Amino acid sequence: MSNQPVSAAPGQNASRRRSIPAVITALALALLVIAVSAGAVMAVRGGDPDGDSAEAGFLRDMVTHHGQAVEMSMIVHRRTAADDMVTMTYDMATTQQSQIGMMIATLDLWGLSQTGSGPVMAWMGHPTTGLMPGMATPEQIALLRTLPPDEADILLLQLMIVHHLAGVDMANALLERSDDADARRMAERISRSQDVEIANMNAMLVARGETPYDPATAPDGVGTPAHPDHGG
């Protein structure tokens with residue numbers, strides 16, 4: 001997503017609505033090419049993280065985390081009447097789908113599966129069998145599909161801020177634990193870009209007459225908090 005909110009012309013937004021499935025498909029095809037290329041060079045690499053490492057856990061969990069962000073963005077992208085939401089959801093869906101591809105390709109390069117044997121978040125020392133921090137519930141996702149579009153816009157902004165706070169928390173936790181250049185580069189990019197996006201989404205809430213998101217005053221049931229041990 002761009003670092004500043006962007007207004008697009010109606011024709012551009014209509015084009016984005018039509019093109020986003022094609023963009024997602026193209027990214028998936030690009031992932032296949034990356035994975036094949038990664039397999040070709042894997043044999044010459046050494047010292048990559050193993051399957052029980054923090055790096056592997058971070059990438060696996062972040063693929064799932066990003067996947068829900070893509071899903072929520074696309075739901076609202078198809079329904080919203082607001083130009084700023086069309087732009088934001090398009091950028092968010094395509095950016096995070098691209099990052100999913102890079103993370104899966106990195107796991108493949110390391111010779112690791114996309115799923116681990118242990119519970120999610122175990123690499124952070126907080127294993128869970130439920131929703132990861134920041135993840136929306138199935139009921140909240142259903143509301144994005146059924147609320148009036150302007151109300152769904154506000155709910156998405158609230159949910160996605162919580163989602164991003166947890167994503168930043170996960171990225172910073174990885175940076176505390178890893179010296180792998182590839183994993184650190186991805187974590188730094190996520191932490192930096194999602195901090196900017198949180199600020200932009202809070203500005204969008206204010207523009208809609210809502211208060212900026214504050215975990216202490218958030219509406220009941222909006223998201224699940226980031227783990228308190230990491231200040232997310």
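This is a predicted model: local features need pLDDT of at least 70, side-chain atom pairs count only at pLDDT 80 or more; totals for chains, interfaces and linings use all residues.
View 1. Along the sequence the pattern reads α-α-α-α-α-α. Helices (H or I, at least four residues) and strands (E, at least two) are DSSP runs, numbered from the N terminus. Of the 232 residues, 47% count as buried, where buried means under 20% relative accessible area, exposed over 50%, and partly exposed in between (1.4 Å probe, protein chains only). Among contacts with a separation of 6 or more, 82% join residues 24 or more positions apart; a contact means heavy atoms within 4.5 Å.

**View 2. The largest nonpolar core has 28 residues.** Phe-58, Leu-59, Trp-123, Met-170 and Leu-174 have the most contacts inside this core. Here a nonpolar core is a set of buried Ala, Val, Leu, Ile, Met, Phe, Trp, Tyr and Cys residues joined through side-chain atoms within 4.5 Å. Helix 2 (54-79), helix 3 (83-109), helix 5 (149-177) and helix 6 (181-207) each supply at least two of its residues, and helix 2 gives the most, with eight. Zoom in on Leu-59 and you will find it touching Met-103, Thr-106, Leu-107, Trp-110 and Met-186, leaving aside residues up to four places away in sequence. A second, separate core has 26 residues, including Val-76, Leu-156, Ile-161 and Val-162.

**View 3. Helix 2 packs against helix 5 at an angle of about 165°.** Their axes are 10 Å apart; axes are lines fitted to C-alpha atoms, for helices over the stretch in contact, and angles run from 0 to 180 degrees between N-to-C directions. That angle makes helix 2 roughly antiparallel to helix 5 (under 35 degrees counts as roughly parallel, over 145 as roughly antiparallel, 65 to 115 as roughly perpendicular and the rest as oblique). The crossing is left-handed, meaning that the near helix is turned anticlockwise from the far one by less than a right angle; clockwise would be right-handed. This contact has 15 nonpolar, five polar and five charged residues. Ala, Val, Leu, Ile, Met, Phe, Trp, Tyr, Cys and Pro count as nonpolar, Asp, Glu, Lys and Arg as charged, and the others, Gly among them, as polar.

**View 4. Helix 2 also meets helix 3, with axes that come within 8 Å.** The two cross at roughly 155° and are therefore roughly antiparallel to each other. Helix 2 passes helix 3 in a left-handed crossing. Their contact divides into 17 nonpolar, nine polar and one charged residue.

**View 5. Helix 4 passes helix 5 in a left-handed crossing.** Helix 4 brings Gln-140, Leu-143 and Leu-144 to the contact, while helix 5 brings Ala-152, Leu-155, Leu-156 and Leu-159. By class, these are six nonpolar, one polar and no charged residues.

**View 6. His-164 sits in helix 5.** Is His-164 buried or exposed? His-164 is buried, with a relative accessible area of 0%. Not counting residues up to four places away in sequence, His-164 touches Met-92, Gln-96, Gln-194, Glu-197, Ile-198 and Met-201.

Key: Residues are numbered from 1 along each chain as its sequence is written. Side-chain values use heavy atoms; hydrogens and water are left out.
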